[in-house]
Amino acid sequence: MSAVLKENAQPQADVVLSAKNIAKVFDVSAPWLNRVIERKGRSLLRAVDGVSFDIRRGETLALVGESGCGKSTVARLLVGLYDTSQGSITFEGQDIGVLKTAAGRKLRQKMQMIFQDPYASLNPRWRVLDIIAEPIREHKLLPESQIADRVAELLKHVGLNPADGVKYPHQFSGGQRQRLSIARALATKAEFLVCDEPTSALDVSVQAQVLNLMKDLQREDGLTYLFISHNLQVVHHVADRVGVMYLGKLVELAPKREIFDTPRHPYTRMLLDAIPDIKMTGKARTPVAGEVPNPLNPPSGCTFHPRCPHANERCKTEAPQSKFYGASIVACHAVEEGRI
Ligand SMILES: Nc1ncnc2c1ncn2[C@@H]1O[C@H](COP(=O)(O)OP(=O)(O)OP(=O)(O)O)[C@@H](O)[C@H]1O
Ligand SMILES: [Mg+2]
């Protein structure tokens, strides 16, 4: 039985978000072409292609994979910034299609997104106080008289000085600005944060501080994270489970320990071989071999086969299904056939 079916058969009580067979197809034909040719002539890019996973309350699920594999597109689908082309997403059992309606207000408060570049998401002309108060005002969560106190409390909660509320975003450092966007996300008492490369633009030492803050907040407030990063060391630090994406597909989904100790998919192994040795075992690094194929013309069968050292004829023609191996879910013929 496929992994997807198995998961469906045993819904877990603590699942906060569930994505089932989701896809996002972008029409990337030149706009003028759309007028002169039939639909079949268009260039369709499957940025996310049949991805399924659950996120459990209080956990951090990390998504990793090379640039362009679809991580940000998944993030945007989860919070309703994009519509799905296929499949369904539910949050606490409710279809997120409701986000677009008035009835979705409560749901919108619960899910927030944090981006790589906090400067771009913080209005430079507003004082921090007003930036953080905005979602509180928008959702009418508190009377005006209590907002200043709540903002001060939020600033303290993310390790900033409440007196800094009168300042503007440019008066803060990169790390402090990311703390501001976390404070704003928490202003609505959000429970689920989708974090897209939240620390990638920061210096390494600042990165660690922000990651530690996120871990502390998770513990204190019971937050659930989808955490996107191309940096496996960061993922090793924060994740409970890890999903590995390749060309829009989830090729492996497993608890962090399984991913780092017994990676099964050849692509996961390739990514791990390319990073500095986290466990200091003195293993040499091997750069990731080959290039990601053009997503407009993906390879047949298993899309990883042209780069895979274990590919055989079946891999070239037949797309592998996701299957369980212990706690890991892997889509790979070589793993299934016990060849690796
Ligand atoms: N709005 C869009 N229109 C057309 N194509 C898009 C759009 N957004 C993303 N894509 C394409 O979809 C694929 C997945 O992109 P996505 O941004 O999700 O990847 P990513 O894993 O987040 O990459 P990165 O690590 O560089 O952030 C890429 O081929 C990208 O070019
Ligand atoms: Mg991205």
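Predicted model: local features only at pLDDT ≥ 70, side-chain atom pairs only at ≥ 80, totals over all residues.
A polar contact, as I use the term, is a pair of N or O atoms within 3.5 Å; within protein, one must be able to donate a hydrogen and the other to accept it, and residues adjacent in sequence count only if both atoms are side-chain atoms. Glycine 70 places a backbone N or O atom 3.1 Å from a ligand 1 oxygen, and serine 72 brings a polar side-chain atom to 2.8 Å from an oxygen of ligand 1. Of the 630 Å² that ligand 1 exposes when taken alone, the protein buries 65% (accessible areas by the Shrake-Rupley method with a 1.4 Å probe).

Residues are numbered from 1 along each chain as written, chains are lettered from A and ligands numbered from 1 in the order written, and side-chain values use heavy atoms, without hydrogens and water.

Turning to the shell, 13 residues surround ligand 1, counted as near if one of their heavy atoms lies within 4 Å; the closest include Ser67 and Lys71. Strand 2 (44-56) and helix 3 (71-78) each supply at least two of the shell residues, the largest share, 3 residues, coming from helix 3 (helices are DSSP runs of H or I, at least four residues, and strands of E, at least two, numbered from the N terminus).
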